[in-house]
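Subject: Structure handover

Hi,

Here is the structure we talked about. Please load it before reading on; my notes follow below.

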Number of protein chains: 2
Amino acid sequence: MDRRRFLKTGLAGVALSALPHNDMMAASAETAAKAPQMKPAPKQDAFNLGMAGYTFVKFDIDKTLEIMQKLDVHYLCIKNFHLPLESTEEQIQAFHAKLQSKGVTGYAVGPIYMKTKDEVDKAFEYARRVGVRLLVGVPNYELLDYTEQKVKAYDIRLAIHLHGPDMPLYPSATDIWNNVCRRDRRMGMCLDIGHDLRYNQDPLADLKKYASRVFDIHLKDVTGNTKQDHAIELGRGKIDFPRFVRLLRKVGYNGKCSLEYEKDMKDPFLGIAESVGYFRAVCDATR
Amino acid sequence: MDRRRFLKTGLAGVALSALPHNDMMAASAETAAKAPQMKPAPKQDAFNLGMAGYTFVKFDIDKTLEIMQKLDVHYLCIKNFHLPLESTEEQIQAFHAKLQSKGVTGYAVGPIYMKTKDEVDKAFEYARRVGVRLLVGVPNYELLDYTEQKVKAYDIRLAIHLHGPDMPLYPSATDIWNNVCRRDRRMGMCLDIGHDLRYNQDPLADLKKYASRVFDIHLKDVTGNTKQDHAIELGRGKIDFPRFVRLLRKVGYNGKCSLEYEKDMKDPFLGIAESVGYFRAVCDATR
(Lines give C-alpha, C1' and ligand atoms only; values in the text may rest on other atoms or scores of the structure.)
Protein backbone atom coordinates (compact mmCIF):
# COMPACT_ATOMS: atom_id res chain seq x y z
CA MET A 1 0.00 0.00 0.00
CA ASP A 2 1.57 3.26 -1.04
CA ARG A 3 1.88 6.24 1.23
CA ARG A 4 -0.94 8.24 -0.32
CA ARG A 5 -3.34 5.37 -0.24
CA PHE A 6 -2.45 4.62 3.34
CA LEU A 7 -2.97 8.25 4.23
CA LYS A 8 -6.35 8.37 2.59
CA THR A 9 -7.49 4.97 3.74
CA GLY A 10 -6.69 5.92 7.27
CA LEU A 11 -8.62 9.11 7.02
CA ALA A 12 -11.43 7.95 4.80
CA GLY A 13 -14.92 8.60 5.98
CA VAL A 14 -13.71 10.60 8.93
CA ALA A 15 -11.78 13.71 8.09
CA LEU A 16 -11.17 13.66 4.34
CA SER A 17 -13.84 16.21 3.58
CA ALA A 18 -12.33 18.47 6.21
CA LEU A 19 -8.89 18.44 4.61
CA PRO A 20 -8.09 21.92 3.37
CA HIS A 21 -7.78 22.14 -0.37
CA ASN A 22 -4.12 23.13 -0.20
CA ASP A 23 -3.25 19.85 1.47
CA MET A 24 -4.85 17.93 -1.36
CA MET A 25 -2.96 20.01 -3.88
CA ALA A 26 0.30 19.36 -2.04
CA ALA A 27 -0.42 15.65 -2.05
CA SER A 28 -1.12 15.67 -5.75
CA ALA A 29 2.07 17.56 -6.47
CA GLU A 30 3.96 14.33 -5.85
CA THR A 31 2.55 12.84 -8.98
CA ALA A 32 1.97 15.91 -11.14
CA ALA A 33 5.40 16.23 -12.67
CA LYS A 34 4.72 19.39 -14.61
CA ALA A 35 1.99 21.80 -15.62
CA PRO A 36 -0.52 20.26 -18.02
CA GLN A 37 -0.23 21.01 -21.70
CA MET A 38 -3.27 23.08 -22.62
CA LYS A 39 -4.72 24.11 -25.93
CA PRO A 40 -2.90 27.10 -27.34
CA ALA A 41 -4.93 30.22 -28.05
CA PRO A 42 -6.69 29.60 -31.36
CA LYS A 43 -5.40 31.36 -34.44
CA GLN A 44 -7.82 33.75 -36.05
CA ASP A 45 -8.83 32.76 -39.56
CA ALA A 46 -9.33 35.43 -42.21
CA PHE A 47 -12.93 34.24 -42.56
CA ASN A 48 -15.60 34.27 -39.84
CA LEU A 49 -18.54 32.13 -38.95
CA GLY A 50 -21.82 33.97 -39.38
CA MET A 51 -25.55 33.34 -39.65
CA ALA A 52 -27.74 33.76 -42.69
CA GLY A 53 -30.88 35.53 -41.48
CA TYR A 54 -33.01 33.00 -43.33
CA THR A 55 -32.02 30.35 -40.77
CA PHE A 56 -34.36 32.23 -38.40
CA VAL A 57 -37.25 32.79 -40.81
CA LYS A 58 -39.71 31.47 -38.19
CA PHE A 59 -38.29 33.62 -35.37
CA ASP A 60 -38.03 37.28 -34.52
CA ILE A 61 -34.76 39.13 -34.13
CA ASP A 62 -34.77 38.77 -30.33
CA LYS A 63 -34.84 34.97 -30.49
CA THR A 64 -32.29 35.08 -33.32
CA LEU A 65 -29.89 37.12 -31.22
CA GLU A 66 -30.48 35.02 -28.11
CA ILE A 67 -29.41 31.92 -30.02
CA MET A 68 -26.48 33.66 -31.70
CA GLN A 69 -25.24 34.95 -28.36
CA LYS A 70 -25.47 31.49 -26.76
CA LEU A 71 -23.57 30.02 -29.69
CA ASP A 72 -20.99 32.82 -29.66
CA VAL A 73 -21.64 33.78 -33.30
CA HIS A 74 -21.14 37.45 -34.12
CA TYR A 75 -22.09 38.11 -37.74
CA LEU A 76 -25.56 38.21 -39.24
CA CYS A 77 -26.69 38.63 -42.83
CA ILE A 78 -29.83 40.71 -42.28
CA LYS A 79 -33.07 39.46 -43.85
CA ASN A 80 -35.96 41.79 -44.57
CA PHE A 81 -38.33 39.88 -42.25
CA HIS A 82 -36.11 41.12 -39.41
CA LEU A 83 -35.52 44.59 -40.86
CA PRO A 84 -38.03 45.54 -43.59
CA LEU A 85 -36.86 47.38 -46.70
CA GLU A 86 -39.09 50.31 -45.84
CA SER A 87 -37.61 50.76 -42.35
CA THR A 88 -37.04 54.33 -41.21
CA GLU A 89 -33.62 55.65 -40.19
CA GLU A 90 -34.72 55.38 -36.57
CA GLN A 91 -35.77 51.76 -36.98
CA ILE A 92 -32.47 50.93 -38.65
CA GLN A 93 -30.49 52.58 -35.86
CA ALA A 94 -32.54 50.77 -33.21
CA PHE A 95 -31.94 47.49 -35.03
CA HIS A 96 -28.17 48.03 -35.13
CA ALA A 97 -28.19 48.99 -31.45
CA LYS A 98 -30.02 45.79 -30.58
CA LEU A 99 -27.51 43.71 -32.55
CA GLN A 100 -24.62 45.53 -30.92
CA SER A 101 -26.02 44.85 -27.45
CA LYS A 102 -25.65 41.14 -28.20
CA GLY A 103 -22.22 41.44 -29.76
CA VAL A 104 -23.56 40.92 -33.27
CA THR A 105 -22.67 42.85 -36.42
CA GLY A 106 -24.99 42.93 -39.42
CA TYR A 107 -22.40 42.47 -42.15
CA ALA A 108 -24.69 42.34 -45.20
CA VAL A 109 -28.33 42.33 -46.25
CA GLY A 110 -30.22 39.72 -48.22
CA PRO A 111 -30.89 37.62 -50.09
CA ILE A 112 -33.13 40.15 -51.83
CA TYR A 113 -34.91 39.18 -55.03
CA MET A 114 -35.08 41.91 -57.70
CA LYS A 115 -37.55 41.40 -60.50
CA THR A 116 -37.89 45.00 -61.68
CA LYS A 117 -35.70 48.10 -61.94
CA ASP A 118 -37.69 49.56 -59.09
CA GLU A 119 -36.79 46.58 -56.91
CA VAL A 120 -33.12 47.00 -57.83
CA ASP A 121 -33.34 50.64 -56.82
CA LYS A 122 -34.96 49.77 -53.52
CA ALA A 123 -32.48 47.03 -52.69
CA PHE A 124 -29.42 49.23 -53.19
CA GLU A 125 -31.01 52.14 -51.37
CA TYR A 126 -31.81 49.78 -48.48
CA ALA A 127 -28.24 48.47 -48.35
CA ARG A 128 -26.94 52.04 -48.31
CA ARG A 129 -29.31 53.09 -45.54
CA VAL A 130 -28.50 49.99 -43.47
CA GLY A 131 -24.87 50.90 -43.96
CA VAL A 132 -23.50 47.63 -45.35
CA ARG A 133 -21.15 47.28 -48.30
CA LEU A 134 -22.41 43.86 -49.34
CA LEU A 135 -25.81 43.07 -50.83
CA VAL A 136 -26.76 39.44 -51.27
CA GLY A 137 -29.22 39.64 -54.10
CA VAL A 138 -30.91 37.89 -56.96
CA PRO A 139 -31.59 40.26 -59.86
CA ASN A 140 -33.42 38.81 -62.83
CA TYR A 141 -30.95 38.08 -65.63
CA GLU A 142 -32.31 40.90 -67.81
CA LEU A 143 -31.62 43.39 -65.00
CA LEU A 144 -27.89 42.65 -64.75
CA ASP A 145 -26.87 45.65 -66.88
CA TYR A 146 -28.98 47.93 -64.74
CA THR A 147 -27.76 46.27 -61.53
CA GLU A 148 -24.17 46.79 -62.63
CA GLN A 149 -24.80 50.53 -62.91
CA LYS A 150 -26.06 50.50 -59.31
CA VAL A 151 -23.05 48.54 -58.07
CA LYS A 152 -20.84 51.24 -59.56
CA ALA A 153 -22.97 54.15 -58.36
CA TYR A 154 -23.26 52.87 -54.78
CA ASP A 155 -19.87 51.13 -54.55
CA ILE A 156 -21.71 48.22 -52.94
CA ARG A 157 -20.68 44.67 -53.79
CA LEU A 158 -23.39 42.36 -55.09
CA ALA A 159 -23.22 38.68 -54.09
CA ILE A 160 -25.69 36.80 -56.27
CA HIS A 161 -27.19 33.87 -54.42
CA LEU A 162 -27.42 30.53 -56.20
CA HIS A 163 -30.31 28.26 -55.50
CA GLY A 164 -29.53 24.91 -57.10
CA PRO A 165 -32.24 22.88 -58.76
CA ASP A 166 -35.14 24.55 -56.92
CA MET A 167 -35.23 27.69 -59.05
CA PRO A 168 -34.33 28.51 -62.63
CA LEU A 169 -32.57 31.74 -61.59
CA TYR A 170 -28.85 31.17 -60.98
CA PRO A 171 -28.86 27.45 -60.25
CA SER A 172 -25.09 27.14 -59.85
CA ALA A 173 -21.85 28.95 -59.11
CA THR A 174 -20.86 28.44 -62.73
CA ASP A 175 -24.02 30.15 -63.92
CA ILE A 176 -23.30 33.18 -61.75
CA TRP A 177 -19.67 33.24 -62.83
CA ASN A 178 -20.68 33.19 -66.50
CA ASN A 179 -22.99 36.10 -65.82
CA VAL A 180 -20.59 38.28 -63.85
CA CYS A 181 -17.05 37.43 -64.94
CA ARG A 182 -16.98 40.12 -67.62
CA ARG A 183 -18.69 42.68 -65.42
CA ASP A 184 -17.54 45.01 -62.64
CA ARG A 185 -15.32 43.24 -60.10
CA ARG A 186 -17.77 44.11 -57.36
CA MET A 187 -20.27 41.65 -58.87
CA GLY A 188 -19.86 38.12 -57.59
CA MET A 189 -21.63 35.41 -55.69
CA CYS A 190 -22.86 34.12 -52.40
CA LEU A 191 -21.68 30.54 -52.83
CA ASP A 192 -24.32 28.29 -51.33
CA ILE A 193 -22.34 25.08 -51.09
CA GLY A 194 -25.39 22.93 -50.37
CA HIS A 195 -27.52 24.14 -53.27
CA ASP A 196 -24.51 23.92 -55.58
CA LEU A 197 -24.02 20.25 -54.70
CA ARG A 198 -27.74 19.53 -55.05
CA TYR A 199 -27.40 20.81 -58.63
CA ASN A 200 -24.70 18.15 -59.13
CA GLN A 201 -21.95 20.74 -59.10
CA ASP A 202 -18.75 20.50 -57.07
CA PRO A 203 -18.91 23.40 -54.58
CA LEU A 204 -15.28 22.98 -53.51
CA ALA A 205 -14.01 23.01 -57.08
CA ASP A 206 -16.25 26.02 -57.66
CA LEU A 207 -14.83 27.84 -54.65
CA LYS A 208 -11.37 27.34 -56.07
CA LYS A 209 -12.28 28.34 -59.63
CA TYR A 210 -14.37 31.36 -58.76
CA ALA A 211 -12.67 32.55 -55.56
CA SER A 212 -12.09 36.05 -56.91
CA ARG A 213 -15.85 36.54 -57.11
CA VAL A 214 -16.95 34.69 -53.96
CA PHE A 215 -18.04 37.46 -51.59
CA ASP A 216 -20.24 35.47 -49.21
CA ILE A 217 -20.80 31.79 -48.44
CA HIS A 218 -23.86 29.94 -47.24
CA LEU A 219 -22.65 27.12 -45.06
CA LYS A 220 -24.86 24.09 -45.42
CA ASP A 221 -24.64 20.35 -45.60
CA VAL A 222 -26.90 18.26 -47.83
CA THR A 223 -27.57 14.57 -48.22
CA GLY A 224 -26.41 14.31 -51.83
CA ASN A 225 -26.14 15.74 -55.32
CA THR A 226 -29.74 15.69 -56.57
CA LYS A 227 -32.79 17.92 -56.31
CA GLN A 228 -34.38 15.28 -54.06
CA ASP A 229 -31.56 15.65 -51.55
CA HIS A 230 -32.07 17.95 -48.61
CA ALA A 231 -30.36 20.01 -45.95
CA ILE A 232 -28.98 18.29 -42.86
CA GLU A 233 -26.79 19.09 -39.87
CA LEU A 234 -23.21 19.99 -40.84
CA GLY A 235 -21.11 16.86 -40.92
CA ARG A 236 -23.95 14.43 -41.50
CA GLY A 237 -24.16 15.00 -45.25
CA LYS A 238 -21.93 14.85 -48.28
CA ILE A 239 -19.90 18.04 -48.05
CA ASP A 240 -16.29 17.39 -47.10
CA PHE A 241 -15.82 20.20 -44.57
CA PRO A 242 -12.19 19.55 -43.64
CA ARG A 243 -11.27 19.85 -47.32
CA PHE A 244 -13.57 22.88 -47.64
CA VAL A 245 -11.95 24.74 -44.74
CA ARG A 246 -8.45 24.01 -45.99
CA LEU A 247 -9.51 25.39 -49.34
CA LEU A 248 -10.95 28.55 -47.77
CA ARG A 249 -7.50 29.22 -46.35
CA LYS A 250 -5.73 28.30 -49.58
CA VAL A 251 -7.75 30.74 -51.68
CA GLY A 252 -7.48 33.41 -48.96
CA TYR A 253 -11.22 33.76 -48.44
CA ASN A 254 -11.81 36.60 -45.99
CA GLY A 255 -15.60 36.94 -45.96
CA LYS A 256 -18.17 35.22 -43.77
CA CYS A 257 -19.27 31.61 -43.76
CA SER A 258 -22.88 32.03 -42.78
CA LEU A 259 -24.84 29.03 -41.67
CA GLU A 260 -28.09 28.75 -43.58
CA TYR A 261 -29.78 25.90 -41.78
CA GLU A 262 -32.88 24.70 -43.58
CA LYS A 263 -33.86 21.55 -41.68
CA ASP A 264 -36.61 21.52 -39.00
CA MET A 265 -37.07 25.24 -39.53
CA LYS A 266 -39.75 25.46 -36.85
CA ASP A 267 -37.43 23.93 -34.25
CA PRO A 268 -33.94 24.29 -35.67
CA PHE A 269 -31.91 25.17 -32.59
CA LEU A 270 -30.28 21.82 -31.82
CA GLY A 271 -29.31 21.42 -35.45
CA ILE A 272 -27.95 24.95 -35.61
CA ALA A 273 -25.87 24.37 -32.47
CA GLU A 274 -24.56 21.02 -33.68
CA SER A 275 -23.60 22.64 -37.00
CA VAL A 276 -21.85 25.57 -35.32
CA GLY A 277 -19.85 23.17 -33.14
CA TYR A 278 -19.02 21.07 -36.16
CA PHE A 279 -17.71 24.00 -38.20
CA ARG A 280 -15.64 25.33 -35.29
CA ALA A 281 -14.01 21.97 -34.74
CA VAL A 282 -13.20 21.57 -38.41
CA CYS A 283 -11.45 24.95 -38.25
CA ASP A 284 -9.61 23.98 -35.05
CA ALA A 285 -8.59 20.53 -36.25
CA THR A 286 -7.28 21.56 -39.66
CA ARG A 287 -4.92 24.30 -38.47
CA MET B 1 -23.10 37.30 -74.10
CA ASP B 2 -22.77 33.54 -73.84
CA ARG B 3 -25.36 31.14 -75.12
CA ARG B 4 -26.81 30.27 -71.72
CA ARG B 5 -27.12 33.84 -70.65
CA PHE B 6 -28.76 34.79 -73.94
CA LEU B 7 -31.17 31.90 -73.57
CA LYS B 8 -32.11 32.88 -70.06
CA THR B 9 -32.18 36.60 -70.67
CA GLY B 10 -34.53 36.05 -73.57
CA LEU B 11 -36.83 33.90 -71.53
CA ALA B 12 -36.54 35.64 -68.19
CA GLY B 13 -39.71 36.64 -66.51
CA VAL B 14 -41.82 34.85 -69.08
CA ALA B 15 -41.27 31.16 -69.31
CA LEU B 16 -38.28 30.33 -67.12
CA SER B 17 -40.38 28.91 -64.34
CA ALA B 18 -42.13 26.69 -66.87
CA LEU B 19 -38.87 25.13 -68.06
CA PRO B 20 -38.88 21.46 -67.17
CA HIS B 21 -36.18 20.51 -64.70
CA ASN B 22 -34.50 18.20 -67.18
CA ASP B 23 -33.82 21.09 -69.51
CA MET B 24 -32.08 22.96 -66.74
CA MET B 25 -29.99 19.93 -65.96
CA ALA B 26 -29.05 19.57 -69.62
CA ALA B 27 -28.04 23.21 -69.76
CA SER B 28 -25.88 22.86 -66.68
CA ALA B 29 -24.20 19.78 -68.11
CA GLU B 30 -22.29 22.09 -70.44
CA THR B 31 -20.33 23.47 -67.54
CA ALA B 32 -20.33 20.57 -65.06
CA ALA B 33 -17.34 18.68 -66.38
CA LYS B 34 -17.65 15.73 -64.03
CA ALA B 35 -19.56 14.43 -61.04
CA PRO B 36 -18.82 16.39 -57.86
CA GLN B 37 -16.37 15.00 -55.39
CA MET B 38 -18.35 14.12 -52.27
CA LYS B 39 -17.29 13.19 -48.79
CA PRO B 40 -16.33 9.53 -48.58
CA ALA B 41 -18.28 7.35 -46.15
CA PRO B 42 -16.78 8.03 -42.73
CA LYS B 43 -14.52 5.42 -41.23
CA GLN B 44 -15.77 3.94 -38.01
CA ASP B 45 -13.55 4.63 -35.03
CA ALA B 46 -13.01 1.93 -32.39
CA PHE B 47 -14.48 4.33 -29.82
CA ASN B 48 -18.00 5.77 -29.86
CA LEU B 49 -19.60 9.00 -28.76
CA GLY B 50 -21.98 8.51 -25.85
CA MET B 51 -23.80 10.46 -23.15
CA ALA B 52 -23.16 10.40 -19.45
CA GLY B 53 -26.57 10.19 -17.79
CA TYR B 54 -25.58 13.00 -15.41
CA THR B 55 -25.78 15.45 -18.33
CA PHE B 56 -29.56 15.04 -18.04
CA VAL B 57 -29.84 15.24 -14.24
CA LYS B 58 -32.65 17.79 -14.57
CA PHE B 59 -34.59 15.78 -17.15
CA ASP B 60 -36.43 12.49 -17.32
CA ILE B 61 -35.43 9.63 -19.57
CA ASP B 62 -37.95 10.59 -22.27
CA LYS B 63 -36.44 14.04 -22.74
CA THR B 64 -32.97 12.50 -22.55
CA LEU B 65 -33.76 10.08 -25.34
CA GLU B 66 -35.49 12.74 -27.43
CA ILE B 67 -32.32 14.83 -27.38
CA MET B 68 -30.05 11.85 -27.97
CA GLN B 69 -32.12 10.77 -30.96
CA LYS B 70 -32.07 14.26 -32.46
CA LEU B 71 -28.31 14.38 -32.01
CA ASP B 72 -27.82 10.86 -33.38
CA VAL B 73 -26.05 9.63 -30.23
CA HIS B 74 -26.58 5.97 -29.40
CA TYR B 75 -24.86 5.11 -26.12
CA LEU B 76 -25.95 6.10 -22.62
CA CYS B 77 -24.30 5.55 -19.26
CA ILE B 78 -27.36 4.94 -17.10
CA LYS B 79 -27.73 7.05 -13.95
CA ASN B 80 -29.88 5.92 -11.04
CA PHE B 81 -32.19 8.95 -11.29
CA HIS B 82 -33.32 7.46 -14.61
CA LEU B 83 -33.28 3.83 -13.45
CA PRO B 84 -33.23 3.46 -9.65
CA LEU B 85 -31.06 0.82 -8.00
CA GLU B 86 -34.14 -0.86 -6.56
CA SER B 87 -35.84 -1.23 -9.96
CA THR B 88 -37.65 -4.52 -10.57
CA GLU B 89 -36.81 -6.85 -13.43
CA GLU B 90 -39.92 -5.58 -15.23
CA GLN B 91 -38.88 -1.95 -14.79
CA ILE B 92 -35.40 -2.73 -16.07
CA GLN B 93 -36.78 -4.52 -19.13
CA ALA B 94 -39.18 -1.65 -19.84
CA PHE B 95 -36.28 0.80 -19.53
CA HIS B 96 -34.16 -1.14 -22.01
CA ALA B 97 -37.10 -1.40 -24.41
CA LYS B 98 -37.59 2.36 -24.26
CA LEU B 99 -33.91 2.97 -24.98
CA GLN B 100 -33.97 0.49 -27.84
CA SER B 101 -37.01 2.20 -29.39
CA LYS B 102 -34.86 5.33 -29.73
CA GLY B 103 -31.80 3.48 -31.01
CA VAL B 104 -29.97 3.87 -27.72
CA THR B 105 -27.96 1.25 -25.84
CA GLY B 106 -27.29 1.56 -22.12
CA TYR B 107 -23.64 0.54 -22.12
CA ALA B 108 -22.84 1.02 -18.42
CA VAL B 109 -24.29 2.25 -15.13
CA GLY B 110 -23.07 5.01 -12.88
CA PRO B 111 -21.34 6.84 -11.47
CA ILE B 112 -22.46 5.13 -8.26
CA TYR B 113 -20.92 6.16 -4.94
CA MET B 114 -20.21 3.28 -2.52
CA LYS B 115 -19.52 4.23 1.08
CA THR B 116 -20.28 0.88 2.72
CA LYS B 117 -19.97 -2.82 1.88
CA ASP B 118 -23.72 -2.91 1.53
CA GLU B 119 -23.57 -0.17 -1.10
CA VAL B 120 -20.87 -2.10 -2.96
CA ASP B 121 -23.11 -5.18 -2.90
CA LYS B 122 -26.07 -3.21 -4.20
CA ALA B 123 -24.08 -1.52 -6.97
CA PHE B 124 -22.73 -4.79 -8.39
CA GLU B 125 -26.08 -6.52 -8.07
CA TYR B 126 -27.69 -3.57 -9.91
CA ALA B 127 -25.12 -3.72 -12.71
CA ARG B 128 -25.73 -7.46 -13.06
CA ARG B 129 -29.48 -7.04 -13.15
CA VAL B 130 -29.26 -4.18 -15.66
CA GLY B 131 -27.08 -6.48 -17.73
CA VAL B 132 -24.04 -4.27 -18.25
CA ARG B 133 -20.43 -5.34 -17.89
CA LEU B 134 -19.15 -1.92 -16.87
CA LEU B 135 -19.84 -0.15 -13.58
CA VAL B 136 -18.72 3.44 -13.23
CA GLY B 137 -18.31 3.71 -9.50
CA VAL B 138 -16.67 5.46 -6.63
CA PRO B 139 -15.94 3.09 -3.73
CA ASN B 140 -14.41 4.62 -0.63
CA TYR B 141 -10.69 3.86 -0.53
CA GLU B 142 -11.06 1.47 2.39
CA LEU B 143 -13.57 -0.59 0.37
CA LEU B 144 -11.20 -1.30 -2.51
CA ASP B 145 -10.24 -4.78 -1.27
CA TYR B 146 -13.89 -5.69 -0.89
CA THR B 147 -14.75 -4.11 -4.25
CA GLU B 148 -12.02 -6.13 -5.93
CA GLN B 149 -13.65 -9.35 -4.67
CA LYS B 150 -16.91 -8.22 -6.28
CA VAL B 151 -15.20 -7.39 -9.58
CA LYS B 152 -13.86 -10.94 -9.66
CA ALA B 153 -17.11 -12.57 -8.52
CA TYR B 154 -19.28 -10.71 -11.01
CA ASP B 155 -16.75 -10.35 -13.84
CA ILE B 156 -17.86 -6.75 -14.15
CA ARG B 157 -15.29 -4.06 -14.86
CA LEU B 158 -15.13 -1.15 -12.46
CA ALA B 159 -14.31 2.29 -13.87
CA ILE B 160 -13.57 4.58 -10.95
CA HIS B 161 -14.66 8.12 -11.66
CA LEU B 162 -12.28 10.96 -10.82
CA HIS B 163 -13.65 14.24 -9.65
CA GLY B 164 -10.78 16.72 -9.65
CA PRO B 165 -10.48 19.33 -6.92
CA ASP B 166 -14.16 19.21 -5.92
CA MET B 167 -13.92 16.05 -3.84
CA PRO B 168 -11.19 14.35 -1.84
CA LEU B 169 -12.07 10.91 -3.27
CA TYR B 170 -10.05 10.12 -6.39
CA PRO B 171 -9.14 13.63 -7.48
CA SER B 172 -7.01 12.56 -10.45
CA ALA B 173 -6.27 9.81 -12.95
CA THR B 174 -2.94 9.28 -11.21
CA ASP B 175 -4.66 8.73 -7.88
CA ILE B 176 -6.90 6.06 -9.39
CA TRP B 177 -3.99 4.45 -11.18
CA ASN B 178 -2.01 4.26 -7.93
CA ASN B 179 -4.98 2.60 -6.28
CA VAL B 180 -5.75 0.02 -8.99
CA CYS B 181 -2.52 -0.73 -10.83
CA ARG B 182 -1.63 -3.65 -8.59
CA ARG B 183 -5.18 -4.97 -8.50
CA ASP B 184 -7.32 -7.03 -10.86
CA ARG B 185 -7.09 -5.86 -14.46
CA ARG B 186 -10.82 -5.25 -14.51
CA MET B 187 -10.33 -2.33 -12.12
CA GLY B 188 -9.63 0.94 -13.89
CA MET B 189 -10.99 4.40 -14.43
CA CYS B 190 -13.56 6.59 -16.07
CA LEU B 191 -11.18 9.33 -17.18
CA ASP B 192 -12.95 12.64 -16.74
CA ILE B 193 -10.71 14.84 -18.83
CA GLY B 194 -12.23 18.07 -17.55
CA HIS B 195 -11.94 17.31 -13.84
CA ASP B 196 -8.43 15.97 -14.37
CA LEU B 197 -7.34 19.25 -15.94
CA ARG B 198 -9.06 21.28 -13.21
CA TYR B 199 -6.85 19.38 -10.73
CA ASN B 200 -3.87 20.69 -12.72
CA GLN B 201 -3.21 17.28 -14.25
CA ASP B 202 -2.61 16.64 -17.95
CA PRO B 203 -5.54 14.47 -19.09
CA LEU B 204 -3.95 13.65 -22.43
CA ALA B 205 -0.69 12.55 -20.85
CA ASP B 206 -2.79 10.56 -18.37
CA LEU B 207 -4.73 8.87 -21.15
CA LYS B 208 -1.46 7.76 -22.66
CA LYS B 209 0.09 6.61 -19.38
CA TYR B 210 -2.94 4.81 -18.03
CA ALA B 211 -4.58 3.60 -21.26
CA SER B 212 -4.64 -0.03 -20.13
CA ARG B 213 -6.96 0.93 -17.29
CA VAL B 214 -9.11 3.56 -19.02
CA PHE B 215 -12.49 1.86 -19.45
CA ASP B 216 -14.71 4.89 -19.88
CA ILE B 217 -14.19 8.58 -20.64
CA HIS B 218 -16.17 11.64 -19.64
CA LEU B 219 -15.89 14.09 -22.46
CA LYS B 220 -15.82 17.62 -21.16
CA ASP B 221 -14.13 20.93 -21.81
CA VAL B 222 -13.13 23.31 -19.04
CA THR B 223 -11.87 26.86 -18.90
CA GLY B 224 -8.54 26.05 -17.25
CA ASN B 225 -6.49 24.07 -14.79
CA THR B 226 -7.75 25.27 -11.41
CA LYS B 227 -10.64 24.46 -9.08
CA GLN B 228 -12.15 27.82 -9.97
CA ASP B 229 -12.35 26.86 -13.64
CA HIS B 230 -15.60 25.45 -14.93
CA ALA B 231 -17.21 23.37 -17.63
CA ILE B 232 -17.88 24.92 -21.02
CA GLU B 233 -18.95 23.85 -24.51
CA LEU B 234 -16.46 21.51 -26.19
CA GLY B 235 -13.94 23.53 -28.13
CA ARG B 236 -14.32 26.73 -26.14
CA GLY B 237 -12.05 25.66 -23.28
CA LYS B 238 -8.53 24.45 -22.76
CA ILE B 239 -8.67 20.80 -23.81
CA ASP B 240 -6.92 20.19 -27.11
CA PHE B 241 -9.47 17.86 -28.73
CA PRO B 242 -7.69 17.24 -32.02
CA ARG B 243 -4.68 16.00 -30.06
CA PHE B 244 -6.98 14.06 -27.73
CA VAL B 245 -8.75 12.23 -30.57
CA ARG B 246 -5.49 11.37 -32.29
CA LEU B 247 -4.30 9.95 -28.98
CA LEU B 248 -7.48 7.88 -28.53
CA ARG B 249 -6.63 6.20 -31.83
CA LYS B 250 -2.97 5.83 -30.98
CA VAL B 251 -3.64 4.02 -27.71
CA GLY B 252 -6.39 1.95 -29.32
CA TYR B 253 -9.15 3.13 -27.02
CA ASN B 254 -12.32 1.20 -27.85
CA GLY B 255 -14.75 2.33 -25.15
CA LYS B 256 -17.17 5.23 -25.17
CA CYS B 257 -16.47 8.95 -25.00
CA SER B 258 -19.49 10.10 -23.07
CA LEU B 259 -20.31 13.77 -22.96
CA GLU B 260 -20.83 14.93 -19.40
CA TYR B 261 -22.01 18.47 -19.94
CA GLU B 262 -22.17 20.45 -16.74
CA LYS B 263 -22.89 24.01 -17.89
CA ASP B 264 -26.39 25.52 -17.84
CA MET B 265 -27.74 22.22 -16.53
CA LYS B 266 -31.32 23.51 -16.48
CA ASP B 267 -31.16 24.45 -20.16
CA PRO B 268 -28.19 22.55 -21.54
CA PHE B 269 -29.46 21.50 -24.96
CA LEU B 270 -27.75 24.04 -27.18
CA GLY B 271 -24.45 23.42 -25.42
CA ILE B 272 -24.86 19.67 -25.67
CA ALA B 273 -25.59 19.93 -29.39
CA GLU B 274 -22.67 22.27 -30.03
CA SER B 275 -20.40 19.88 -28.13
CA VAL B 276 -21.63 16.84 -30.05
CA GLY B 277 -21.04 18.61 -33.35
CA TYR B 278 -17.62 19.70 -32.18
CA PHE B 279 -16.52 16.21 -31.21
CA ARG B 280 -17.82 14.69 -34.46
CA ALA B 281 -15.93 17.21 -36.53
CA VAL B 282 -12.71 16.65 -34.62
CA CYS B 283 -13.06 12.95 -35.40
CA ASP B 284 -13.82 13.66 -39.07
CA ALA B 285 -11.05 16.20 -39.53
CA THR B 286 -8.25 14.19 -37.90
CA ARG B 287 -8.70 11.00 -39.92
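Which residue stands opposite B:H218 of strand 7 of chain B? It is B:D192. Keep in mind that this is a predicted model.

**Strand 7, chain B**

Strand 7 of chain B spans residues 214-219. It is mostly covered, with six of its six residues buried. It has a parallel pairing with strand 6 (residues 187-192) of chain B, over four bridges. It also pairs with strand 10 (residues 256-259) of chain B, again in the parallel sense, over three bridges. There, B:I217 has B:C257 of strand 10 opposite it.

**The barrel, chain A**

In chain A, eight strands close into a barrel. The order is 1-2-3-4-5-6-7-10, and the pairing is parallel. On average, neighbouring strands of this sheet are turned by 30° against each other, direction ignored. Take strand 2 and strand 3 (residues 105-114) of chain A as one pair: four bridges join them in the parallel sense. Within strand 3 of chain A, A:T105 is the bridge partner of A:Y75. Helix 7 (residues 173-180) of chain A packs on the sheet. Helix 7 touches strand 5 (157-161) and strand 6 (187-192) of chain A. The direction of helix 7 makes about 175° with that of strand 6 of chain A.

**Helix 3, chain A**

Helix 3 of chain A covers residues 61-70. Its buried residues are A:I61, A:T64, A:L65, A:I67 and A:M68. They span an arc of only 160° around the axis, so they lie on the same side of helix 3. Residues three or four places apart in an α-helix point the same way, because a turn takes 3.6 residues. What do the buried residues of helix 3 of chain A pack against? Their partners are strand 1 (48-52), strand 2 (75-78), helix 4 (89-101) and helix 11 (269-285) of chain A. The face turned away from the buried side carries the exposed residues A:D62 and A:K63. After helix 3 of chain A comes A:D72, with a positive phi near 60°.

**Helices 9 and 10, chain A**

Helix 9 (residues 203-210) and helix 10 (residues 241-250) of chain A pack at an angle of about 5°. Their axes are 10 Å apart. Angles under 35 degrees count as roughly parallel, and these two helices of chain A are therefore roughly parallel to each other. Helix 9 contributes A:L204, A:L207 and A:K208 to the contact, and helix 10 contributes A:R243, A:F244 and A:L247. By class, that contact has four nonpolar, no polar and two charged residues.

Best wishes

Conventions
Residues are numbered from 1 along each chain as its sequence is written. Chains are lettered from A and ligands numbered from 1 in the order in which they are written. This is a predicted model: local features need pLDDT of at least 70, side-chain atom pairs count only at pLDDT 80 or more; totals for chains, interfaces and linings use all residues. Axes are lines fitted to C-alpha atoms, for helices over the stretch in contact, and angles run from 0 to 180 degrees between N-to-C directions. Angles under 35 degrees count as roughly parallel, over 145 as roughly antiparallel, 65 to 115 as roughly perpendicular and the rest as oblique. Two residues are in contact if their C-beta atoms, placed from the backbone, lie within 7 Å. Ala, Val, Leu, Ile, Met, Phe, Trp, Tyr, Cys and Pro count as nonpolar, Asp, Glu, Lys and Arg as charged, and the others, Gly among them, as polar. A residue is buried if 20 or more other C-beta atoms lie within 10 Å of its own, exposed if 12 or fewer, and partly exposed in between; C-beta atoms are placed from the backbone. The arc is that of the directions from the helix axis to the C-beta atoms. Two strands pair if DSSP finds at least two bridges between them.
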